[in-house]
Structure formats: structure tokens, C-alpha cells
Amino acid sequence: MALALDAKADEGMWLPSQLPGIAKNLKEAGFRGDPKDLADLTRAPLNAVVKVGGGTGAFVSAEGLVVTNHHVAFGVIQYNSKPERDLIANGYVAPDRAGELPANPDYRLRVTVGFDKVTDRILAQARGKTGRAYYDAVDAASKALVAECEKEEGIKCSVANMFYGRDFYLVKQLELRDIRLVYAPPRAIGNYGDEIDNFVWPRHAGDFTILRAYVGRDGKPADYSTDNVPYHPPSHLKLATDGVAEGDFVMLAGYPGITYRHRTAAEFADQVEWRLPTSVAVLKALQDVIEAQGKADKDAGIRYASQLQTLKNGIKRFSGELEGLQRSDAVAVRRDDEAAMSSWLAAQSDGKALKPEIDQVMALIAQGKDVRERDLLVGLLSTQTQLMRGALAVDRLSVERPKADAARETGYQKRDEELIQSQLKQVQRRYDPRVEKALVTSLMLRYQRLPAAQRLPEVDKVFGRTPAELAQALDRIYAATKFGDEAERLRLFTAAPAEIEKSGDALLVAARTLRPALLRIEDERKVREGDLLRLRPAYMQALIAYREKQGKAVYPDANSTLRVSYGKVTPLTARDAVTYAPLTTVAGIVEKNTGKEPFDAPKPLLDAIRKGDFAGYADPKSGAMPVDFLSNLDTTGGNSGSPVLNAKGELVGLNFDSNWEAVSASWMYDPRYKRAIHVDMRYMRWLIDKVYPSPALLRELGVSGK
């Protein structure tokens, strides 16, 4: 794995195996441990860091306690909420183990137990092939490795692609299925400021939730059961009793989702000029639908609360990313950098050998623009709906089940059926027919305005070509389907493919009609991705060599595998004459409080702040009670809930956001602006001690009340 010649502490989402290679940098930054101890992600402390829900978490007790963000666990809180017991608004403190509430059936926690390079095995049958054949060869080899890996009970595996097809790693993870809610602050603490403060500094949110992982009495992963026992993790993080101050070393470990820093200049341009503004417009329309429906029906509002929160977060992130890329003039910077790389490459002895493949990469990227909006809208049908998504999944399973498991499409193999079934079970708590019809209407009205060349006959057949036909079609489909009944849904999930193929259920008929179009879109994508997978390594080889020559950081783009970043608690100069300190206090909660959402701090919190009992938690210099802090750690989506450690490896913070000026860091790192926002663990401990007390929980965390 290529390393930077002069890696900077404020940039880099490093693979653990890379850390010994930058040991000098880590030590100079302030790390007190041995970087070699961080090289193995299956050993402490990194084996305490877990993938949970859509983000990251960490074990913090020997009895399976996990700390993560309030927004990462929001679906769990929402799943257990009802109008008469609104845990979103009021929070939850489990009175004892028996009072810990089960998460939604598809909520999972994964502990990484293996990470091995398998490049040669993945590419052995792909070499010499192109397009779809190359894609299929890589896919088949990946599935074979995964199937071999998952013979062990409770293990889930995946193949991670590093440097866009240059290297591949087999990731082995223990999957825990019984996760329970232990402690959640009220919405007005966990999400204080909501969208107004989202991606904004200074922040005053207690964005944390505590869960517990359970297993069967035999110690193996199991579905929820009152007979299950707490999971005993291989290690857990120790909460620091001291806090942080400006200039202190901090380190973060987590599972960042996707970054695109090694993409081409053309892809940068597409992101800025089309994809971001279009995505914002489409998602904002969906947000408006859910908010309008939620105002008219509180129960519908609760059912769609988690989806709404995800939409709002995505919209703000995309908007900030666009503004940040424009502020940094990212397209021009990347074009200039790519041009300089090309000139440098032309002067190298192996430059001519790489150029034909790099030229093909550029040509492939230029393709696909003609149908990008069509694919975006059709794709959202299966991610922004509940009942329709379920019907599409059941229909696709009817196509895949007759095949040998290795030949099934990823996501529809036997290993995936349990998760699909779990999603079908929870539809009832996240679905309302009026809301779903309104969401589909929003997407399909935009689709109907596309040029005729982009339209798909199957989509037109199901939804019509005009707004009036669309309304009639949706009324007919949702009135006639029985898929809204959980028992019928689960029966169809287990039904033979022949029965699904002949079913007259209106929603399944719609899914079956859409199927050929969805398969064509999928095939077009795989042909293109196969060639890019084959050709991009040449581009990456040139880019890595060029950047190493410049002494710049060379780490793989993030891809949901465990990464480590390190830096310092750092202030932010956001713009001319505007500089922010890196720590906030409870005084800011009071200053912002209006008594109205989203600045409606709960009375118990305001009373505790007025009382001023901060002994053992206050900042030693100022005497103030900390809330959040800022660092220059390199983070992106998926790092939500990532533990932030001090120089001794103790837990001092919980990552939950980035500042507005740095949202674009998934594409371009700008050290002037990139900051990460963290909950100060002193604030979490104080809340558990003084505001919504749980003495037993503090004892288990090893930090008894003050």
C-alpha cells in the first residue's frame, strides 16, 4: 500500500495497516501509544469500534454497551415510539435490563474480525475480459469468497475495493442482531437546533444514544429473545475523566461511507454542475411531502420521522457540499491538477503505456449523462418508499431464487433474505398509504417531464404519461393491493416464484411490469462499471505516483471499511474576521433557547444549568460545562458515532457532524475549513448523572456520579 512521503495530521482516512508507516507523524502530532498497536483492527482498541445502523459506534462496557449518535439510533427510537409514548420527544432511560427496548428487526451491529488482501483471487478470472464480462468475473469471485467466508455462523463478509479496482480486501464481520435501547436523551437535547444548526458551528447538541448488544445463551448471534444475554465484546473503550482543550491531540476510528477525492476532473464537474443541485431539488420535494402529511396526521409524522430526518440531513449535506466545492473552486483546481499530472506522466518512461487506458476512462465517464436523471428518479422509487420497495424486493426474489445462490444478484442471495424479511416486517411502523402515494407522485411528476428519449415504456405503463393518469394509477394500485397487510406480505415473501409470477395483486403486478426496465438499467450500469473497474487502476497508478512525488497523502477513498484519522482540537476561521473557538458550553444552550422547536431545551436541562452543579465535569480553566468540541479530524458520512480518543486512547468525544464550510470534504479536503464536530463526553456523563439520572449506567460505564 503506497504511503505519503509527508502525510499531514489533518488529512487522511488511513487504513489501520498504514499507520506504522506514518508512526513519526503520529508521534509528532501527540499520540502516546505505539502505532503498531493500531495496525491490527481485530485487536484493542480498534476491535471495540463497530459498524452500527448507518454509522459507527463503540463498545464502552464489558456487558455489551454501545455508544453512538442519537441520529444513528434514531430509527430505533422511532420504532419504539407511539403517539401515547413518544420517545422521540421525551427520551428514554431504561429502568433495568428488562426495560431495554428491542431495536427494529433490520437494525444490525457488526464487529470486524478479519481484513485480508485478496486481489489476485478476485482478478484471476477477470483479466483479459471487458465490460459486463469483467464485472461479472469480479462479482462471481467476490461472491465465492463471501460464501466461503460466511460458512461460520453469525459471520457476514464483503469484498472491499481499494483504489478503484487496484486492490481488493475480504472483510469479515460478526453480525449481532439483538440490539436494544438503553438510554436516549429527548429530541430537544439529542437534536438541539435541528436543521438550523445542522452542519453549523457553534453547536450545542447532545447527539448520543446508548444501546446494548445481546446474543443467545450460547454466546452466538441470535434474534431478539427475552432469554438472550448481553454480548461480551473482545474489548471496550475507557471513558476519559479528563476533557480536551484547544491544541490537544485527538484520534478518530470509524466506518466512513464514501469519498471521491481520487475521482477525475470530469466527475468533479458533473458533481458541481448537475448531480448536487438536482439531488437537492428532488429530495427537497420529498421532504415537503412528508412534512405536509405529518402536520395533518401526527401518527403519519411519527411513522416517517426517521425518513424525514435522513432527507433533511442529506439535503443540507448536498447543499453544503455544493457551496463548499464552489468556494474552493474545486473543479478548476482538480482540472489544473489533472492537467499537471498528465504532463508529468508524459515525461515518464511508463507514461505512454498508461495513457490509452486513461483516455478510455475519460471517454466512459463522458457517457451516461443522457440518462442520469432518469436513473436517479427510478432508483429513488425503491429507496424512498416502504410498500413499493417491499413489492419490488419480493418480485426480484422470484427471479433470483430459481438460480444457484452464487448466480443470484448481490442483495438477493440467501444471505440477504433475512434482512429483506426484517424490512418487510417493519413496514407497518413506517408506512402510510397517503404519504407513500404522495412521495411516488413527487418522483413520477418529475419523471414525466423528461425528454421522450429518456422515458421507459414500462414506467409509463405503470404510472401513465400525464399527472391525471398518474393519480388514477396510484389510487387504483394502492386500493387494490393486499401487500399492506403484514401477514400477506410475509406469505408472499415465502411464496414460490411461480405464484409471485402469476399474482394478481396490484402492487406486485406493478413491480413485475417495471422489472424489465430495472434490469436494463442494471445491465447498462454493469457494462460501464466493468470497464471502469478494469481501466481505473491505470489512472490511479498515475495519480498515486504523481502525488507521492509531491509528498501528498495517498490513502484509499473511503468505502465503509474501518479507517483512522488524527489531528488536534482546533478553532475555525470561517471567513474574514470570523473565528470560532473550538469548545461550546451550556451557556450557549440558554442563549439559543426560545422555548420553541428546535431551540426548546427541556425544563430539567435548563433547571440543571441554572443550578450549576458541574463539579467533576466542568472545564478546569474556565469552570464552564462543556457541550461540543471541534477538531480538524478527517471525516465524512458514516463517521457519525465514531469514537474520538485522546492521546492515551481514552474516549473523549463522539463524532456527529461537520461544519458547513467542510461538507465538501468528501470530494476535496481544504485544511482551511475542514473541521469535525463532536459531543464532549463530559456533557454526556453530566446528563446521565444530573439531568436524566441513571446511576447504574454510570457505574457500568466506569464513571460513577460526582
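Asp 416 is buried, at a relative accessible area of 14%; buried here means under 20% relative accessible area, exposed over 50%, and partly exposed in between, with a 1.4 Å probe and protein chains only.

First, the basis. This is a predicted model, in which local features need pLDDT of at least 70 and side-chain atom pairs count only at pLDDT 80 or more, while totals for chains, interfaces and linings use all residues. Residues are numbered from 1 along each chain as its sequence is written, and side-chain values use heavy atoms, with hydrogens and water left out.

Back to Asp 416. This residue sits in helix H15, residues 414-426. Helices (H or I, at least four residues) and strands (E, at least two) are DSSP runs, numbered from the N terminus. A polar atom of the Asp 416 side chain lies 3.1 Å from the backbone nitrogen of Gly 411. That is a polar contact by the cut-off used here: a pair of N or O atoms within 3.5 Å, where within protein one must be able to donate a hydrogen and the other to accept it, and residues adjacent in sequence count only if both atoms are side-chain atoms. What does Asp 416 contact, leaving aside neighbours within four places in sequence? The partners are Thr 410 and Gly 411, with contact taken as heavy atoms within 4.5 Å.

Now the strands. Two strands pair if DSSP finds at least two bridges between them. E7 (residues 155-162) and E8 (residues 167-176) are antiparallel over eight bridges, and Ile 155 has Leu 174 of E8 as its bridge partner. The two strands form a hairpin with four residues between them, and Phe 163 in the turn has a positive phi of about 55 degrees. E8 also pairs with E6, again antiparallel and over eight bridges. There, Leu 174 in E8 is the bridge partner of Val 111. E6 (residues 109-117) in turn is joined to E1 (residues 49-52) by two antiparallel bridges, with Val 52 opposite Leu 109.

Next, E3. In a regular strand the side chains alternate between the two faces of the sheet. From E3 (residues 65-68), Leu 65 and Val 67 point one way, Val 66 and Thr 68 the other way, and all are buried. Which strands does E3 pair with? One is E2 (residues 55-59), antiparallel through two bridges, where Ala 58 stands opposite Val 67. The hairpin of E2 and E3 has five residues between the strands, and Gly 64 takes a positive phi near 80 degrees. The other is E10 (residues 209-215), antiparallel over four bridges, with Leu 211 as the bridge partner of Val 66.

On to the helices. In H13 (residues 372-380) the buried residues are Glu 373, Arg 374, Leu 376, Leu 377, Val 378 and Leu 380. Their cover includes H8, H16 (433-448) and H21 (506-550).

Thr 130 is placed in the loop between H4 (119-123) and H5 (131-149). Not counting residues up to four places away in sequence, Thr 130 touches Asp 531 and Arg 534. Thr 130 and Val 527 are 397 residues apart in sequence, yet 8.3 Å apart C-alpha to C-alpha.

On a 1 Å grid over the protein atoms alone, a cavity is a set of points where a 1.4 Å probe fits but cannot get out; a pocket is an open set with protein on both sides within 12 Å along at least five of seven lines; lining residues have an atom within 4 Å of a point. Grid points are joined across faces, edges and corners, and a volume is the space filled by probe spheres set on the points.

How many cavities of 30 Å³ or more are there? The structure holds two. The largest has a volume of about 40 Å³, and its lining includes Gly 324, Arg 327, Glu 661 and Lys 674.

The second largest cavity also holds about 40 Å³. Among its lining residues are Val 394, Leu 397, Arg 401 and Phe 493. H14 (387-400), H19 (486-494) and H20 (497-502) each supply at least two lining residues, and H14 gives the largest share, three.

The second largest pocket has a volume of about 620 Å³. Of its 19 lining residues, Ile 88, Gly 301, Ala 305, Leu 308 and Glu 597 lie nearest the centre. Helices H3 (87-90), H8 (265-296), H9 (298-303) and H10 (305-327) give two or more residues each.
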